[in-house]
Amino acid sequence: MFNIICVKFGKKYSSDFVNKLHMDLLSYNPLNSFTFHCYTDNPEGINDSINIVNPIGPTLKGVWNKLALFSEEFPIKGENIYLDLDVCISNDITSWAGYFDWDKLSIVHAPWKDNKKRYGRLSSYDVTHHSSVMVWQNNVHHIWEHFNSGLRDYYMRKYVGIDRFLAHEDIEVGYLPNNFTMSKMHQDRKQFEFTPAILTYEELDVQISDLLPCD
Amino acid sequence: MFKSVIYYRAIKLNEEIYDESQYGVDDLYRIKDISHSLDNNQWHSKLWLAQELHKLYNHPAGKILVVGGWYGLMAFLLRQQWNQSDMNIVSSDMDPMCKEYGYKLFRGNDIQYQTLEVNNKIDLSGYTAIVNTSCEHMEPEMIRYLIDNKDKDTWVAFQTNNWYDIESHINCSPSLEYWESELELDWIAYSDKHKYDCYDRYMIIGK
């Protein structure tokens, strides 16, 4: 049984995003071979069929809570798939399980973020990581421990989000299969032989009505 | 006068950090962080605390613990008020680099630096004042711990703000009055706020 996990902290996303994501997953996987969890500071409005995971601490804002999923104290163990709330499901994502490297953190490869590369070296603006979808089973506790150190506050000032934290702190990650996800903004459906399982959005202010599946 | 000395040291320190980035640890964000720690709002709000605490404390000796002290500006400005060695001043921060860079910025000012995370294991005995200008960065339970575990007569001088937009601000307060009631001090000797461009900064001094 897979764990599919989303994170909802603060007011950026309503519980409707959580419920929609769960319903979309069920619609492509009616046999329900997964457990859906929402790690949140406010479970109000989230359907009863979704397992609520309460904050484990320390208090963090927004996307930084995604890193707490890698803590040894995070109560969900096993084969985990994390999804941002502003992704759209277009297929049964659990059917891709055989293509994942579960022994390390795998995230989306985002080569389009590399287009600002200057001076032949990685700058703070051009990382090719995208953490909208993440897959892992083991060997990730060190990521949380790296973050949740005396430098925790410094990292939150230094990095705009966790993609840059992962890249610039030299955290070893793998990339998910190319056809598994597609960027709505930066990739073209014609590039893909098969329908990608997940559509990712990079807009800052995504509305729930924007989240439409691939053809 | 002393301000220009500190700025000069900051410039030289930033040169060191740049040099290090070429051959060793690449952490250029420290340059911005050190600059930010010395900007006008930081000088103003910390001088405000140092002056008001000095008036109320009204004694030349003791031991002040600054928690969340960053690179040490708060401790330095306290030292300007208490320029006798009878006042022991400790600047602490959870970031281990603050000790190294703080010493370089404020050397010669009789400040002790410690790497210390505010948690429920800190020994507060012997301190006559606890200063915290970073309450917005700390869990409410840890602020509570400082108040509940200090000696009864130990002063606290705390600042926070209502700048909720910053990612690392996990414990802002909506108003000075709200924060007063949250801290539940036995006695409030001073309570006021200053308006800055993006936020209000609140300060409470008491026991």
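**A friendly note on chains A and B**

1. Let's start with the sheet of chain A: 7 strands form an open sheet with mixed pairing, in the order 3-2-1-4-7-6-8. Strands here are DSSP runs (E, at least two residues), numbered from the N terminus, and two strands pair if DSSP finds at least two bridges between them. Strand 3 (51-53) and strand 8 (174-175) of chain A stand at the edges with a single partner strand each, so one side of each has no neighbour in the sheet.

2. A word on what you are looking at. This is a predicted model, in which local features need pLDDT of at least 70 and side-chain atom pairs count only at pLDDT 80 or more, while totals for chains, interfaces and linings use all residues. Residues are numbered from 1 along each chain as its sequence is written, and chains are lettered from A and ligands numbered from 1 in the order in which they are written.

3. Look next at one pairing in chain A. Strand 6 (residues 106-109) and strand 7 (residues 129-136) of chain A run antiparallel and are joined by 4 bridges. A:His109 has A:His129 in strand 7 as its bridge partner.

4. Now find helix 1 (residues 15-28) of chain A; helices are DSSP runs too (H or I, at least four residues). Its 14 residues reach 21 Å from first C-alpha to last, close to the 20 Å expected at 1.5 Å a residue (1.5 Å times one less than the number of residues).

5. Which residues of helix 1 of chain A are buried? They are A:Phe17, A:Val18, A:Leu21, A:His22 and A:Leu25. Buried means 20 or more other C-beta atoms within 10 Å of a residue's own, exposed means 12 or fewer, and partly exposed lies in between, with C-beta atoms placed from the backbone. The face turned away from the buried side carries the exposed residues A:Asp16 and A:Ser27.

6. The buried residues of helix 1 of chain A pack against strand 1 (2-8), strand 2 (34-40), strand 4 (80-83) and strand 5 (87-89) of chain A. Contact means that C-beta atoms, placed from the backbone, lie within 7 Å.

7. Chain B has a pairing to compare. Strand 2 (residues 87-93) and strand 3 (residues 111-115) of chain B run parallel, joined by 5 bridges, and B:Ser92 stands opposite B:Gln114.

8. Finally, the two chains meet: the contact takes 13 residues from chain A and 12 residues from chain B.
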